[in-house]
Amino acid sequence: MFVDQIKVHARAGKGGDGSAHFHRGKFRPKGGPDGGDGGKGGDVILLADPSTDSLRNYVFNNRLFAEDGAKGGATQCTGRSGKNMTFKVPPGTLVSRITEALDEATGEIVLKYEPVADLTETNGTYILCKGGKGGKGNVHFKTSTHQAPREFTPGTPGEEGDFHFELRSIADAGFVGAPNAGKSTLLSKLSAAKPKIANYPFTTLQPMVGVVEFGENRRGTLADIPGLIEGAHENIGLGHDFLRHIMRCRILLFVVDTAGTEGRDPVADLETVRTEVALYSKELSKRPWCIIANKIDLPEAQENLVHFKERFKRIKIHPVSAETGEGLDKLKKWLDEKIGQKFEN
């Protein structure tokens, strides 16, 4: 089960109370106050772990709690600190705090999402909720005129709140297009990824990320986003939940079924998908983009390719066939120039 957004409730540990203990030692029946401080409450920590690619672990376990600190002890011993609890999330997780706000227009209470962390770095951490401080023991209240204090302070509560986790896949470039345009086949031919491929709409049910090896210690990452249809930005079809996954892509690769094998006009398909991206995010629509004219091996594709070149004169068009491999070498070379990065073995 792929889950890319979830609401959780997090609570850090409470600080331990201070102690009001008095020393009772041999030959010292009135040894005075020696109550120790309480221990610090544990933190709730998020870790961006590359070994996980979904938030499904939090579907049935959405309460993230850390351990409370222990009470202070005798002989000025500080209580044990509560254990920090670390929870793993995929790299690319955007964390927002959920608060309630009054909608002045309607007078209703609405939920407000305030981003607090963007875990894009592998193995990066973020303290979601800090543990409470331990209370002071009665030893701190001893004075020359107040030699038997019974005062102590309780530990402070740990931070607590409701949060929204939203996964946005991290990739250098992303394939977007209508269903059955051939995005998954392209990803499988260009990278080592093994997406599900079949001849029916919405084969891709979740974003897939593949690593493309360009040689000479150079590589890049490509994301395959589920097919978009008209109205995707309004929660129609499968694409509405996955548009967020192209937000991190530096380049958008619009894949088109140039042969029109689904009975649709390829130019209209591209314009529809471009419109949906723009309606979802104006910022996203301004990113660099190109057209991958797929299925060029089919006879019907040649005439449509001419129309593409007339309609999009200033846009780079890559005629390819994911099925036969035609044009993939040139596409890979172009991708190397745009997204290729050196890496260390």
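Phe-175 stands opposite Leu-253 in strand 12. This is a predicted model. Strand 9 (residues 173–176) pairs with strand 12 in the parallel sense, over four bridges. A search of the whole structure finds two cavities of 30 Å³ or more.

**Strand 9 and its partners**
- Strand 9 also pairs with strand 11 (residues 218–224), again in the parallel sense, over three bridges.
- Gly-174 stands opposite Ala-223 in strand 11.
- In a regular strand, side chains alternate between the two faces of the sheet.
- Both faces of strand 9 are covered.
- Ala-173 and Phe-175 are buried on one side, Gly-174 and Val-176 on the other.

**Largest cavity**
- The volume of the largest cavity is about 50 Å³.
- Its lining includes Val-176, Gly-177, Ala-178 and Ala-181.
- Phe-254, Val-255, Val-256 and Asp-257 also line the largest cavity, as do Asp-269, Leu-270 and Val-273.
- Two elements give two or more residues to this lining: strand 12 (251–257) and helix 2 (266–280).
- Strand 12 supplies the largest share, four residues.
- By class, the lining has eight nonpolar, one polar and two charged residues.

**Second largest cavity**
- The second largest cavity has a volume of about 30 Å³.
- Among its lining residues are Gly-260, Thr-261, Glu-262, Gly-263, Arg-264, Asp-265 and Pro-266.
- By class, this lining has five charged, three polar and one nonpolar residues.

Conventions:
Residues numbered from 1 in each chain as written. Predicted model: local features only at pLDDT ≥ 70, side-chain atom pairs only at ≥ 80, totals over all residues. Heavy atoms only, no water. 1 Å grid on protein atoms, 1.4 Å probe; cavity = no way out; pocket = protein on both sides within 12 Å on 5 of 7 lines; lining within 4 Å. Points joined across faces, edges and corners; volume = space filled by probe spheres on them. Nonpolar A, V, L, I, M, F, W, Y, C, P; charged D, E, K, R; others polar. Buried < 20%, exposed > 50% of the residue type's maximum accessible area, 1.4 Å probe, protein only. Pairing = 2+ DSSP bridges.
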